[in-house]
Amino acid sequence: MMTQNEIKYGLRNSRLVLNEVYFWTDTIKEWNRLLEKDLYKNIIIDCWRNLVSRHKIRIYGFVIMPNHLHLIWEMLEKNGKEMPYASFNKFTSHQFLENLRETHNQDLVGFKEYDNERKHRFWQRDPLAVEMDSKNKVSQKLDYIHLNPLQEHWNLVNKPEDYTWSSAKFYELGVDDFKIITDYRERF
């Protein structure tokens, strides 16, 4: 049964369950290119690093694009009372807000929210979550993730492993610059 918010906003009803692997897409509100700046990508990496080090999540692959991210991950246990993906969205949103208030206050207008829940929203509602129940599915999604920066409309690099904000370098060269990746073949 859909909730009133799901009916009102046409949400996908994506749910993440502990100890299952998901392909997850989270998009910046109105496809704003907030994540073009490395500062904001680093906020995301720092949050993931914290959750990984505290054994709340396991990350199998990712890419951070200028206005969205793709992630293959597993929620291992709740972060207090909430699921780690909720902690991720809350923490990164708070960090984005604080930085924009300090450095680019005028840019906050694009993230203004007109509801009772909050004054600003950085992530679009209801990120896409697709369960990954086989090695083959994970492998296919990893290829998709790693090729994202090479798409014609992005054209960010010539080879997947050259894109800093991705797990491609880990899978191609065995290098995990961020110390957050677990090889998916250990899980499947």
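Hi everyone. Let me start with a list: Ser 139, Leu 142, Asp 143, His 146, Leu 147, Pro 160, Glu 161, Ala 168, Tyr 171, Glu 172, Tyr 184 and Arg 185 are the residues lining the second largest pocket. Two elements, H4 and H5, each give two or more residues to that lining. Before I go on, please keep in mind that we are looking at a predicted model.

So, back to the pocket. Its volume comes to about 180 Å³. Which element provides the largest share of the lining? That would be H4, with five residues. Sorted by class, the lining of this second largest pocket holds six nonpolar, four charged and two polar residues.

Let's stay with H4 for a moment. This helix runs over residues 135–147, 13 residues in total. From first C-alpha to last, H4 reaches 18 Å, close to the 18 Å expected at 1.5 Å a residue. Now, which residues of H4 are buried? They are Val 138, Leu 142, Ile 145 and His 146. These four lie on the same side of H4, because they cover an arc of only 90° around the axis. Leu 142 and His 146 also turned up in my opening list, as part of the pocket lining.

Searching the whole structure for cavities of 30 Å³ or more turns up one. The largest cavity has a volume of about 50 Å³. Around it you will find Phe 62, Thr 164, Ser 166, Ser 167, Lys 169, Phe 170, Val 175, Asp 176, Asp 177, Phe 178 and Ile 181. In terms of class, that cavity lining has five nonpolar residues, plus three polar and three charged ones.

One last stop, at Leu 108. You can find this residue in the loop between helix H3 (84–103) and S4. Is Leu 108 buried or exposed? Its relative accessibility is 7%, so Leu 108 counts as buried, since the cut-off for buried is under 20%. Leaving aside residues up to four places away in sequence, Leu 108 touches Leu 97, Leu 100, Arg 101, His 120 and Phe 122. If you look at Arg 121 as well, it sits 13 residues from Leu 108 along the chain, with 9.5 Å between their C-alpha atoms.

Definitions and conventions. Residues are numbered from 1 along each chain as its sequence is written. This is a predicted model: local features need pLDDT of at least 70, side-chain atom pairs count only at pLDDT 80 or more; totals for chains, interfaces and linings use all residues. Side-chain values use heavy atoms; hydrogens and water are left out. On a 1 Å grid over the protein atoms alone, a cavity is a set of points where a 1.4 Å probe fits but cannot get out, and a pocket is an open set with protein on both sides within 12 Å along at least five of seven lines; lining residues have an atom within 4 Å of a point. Grid points are joined across faces, edges and corners, and a volume is the space filled by probe spheres set on the points. Ala, Val, Leu, Ile, Met, Phe, Trp, Tyr, Cys and Pro count as nonpolar, Asp, Glu, Lys and Arg as charged, and the others, Gly among them, as polar. The expected span of a helix is 1.5 Å times one less than its number of residues. Buried means under 20% relative accessible area, exposed over 50%, partly exposed in between (1.4 Å probe, protein chains only). The arc is that of the directions from the helix axis to the C-beta atoms. Contact means heavy atoms within 4.5 Å.
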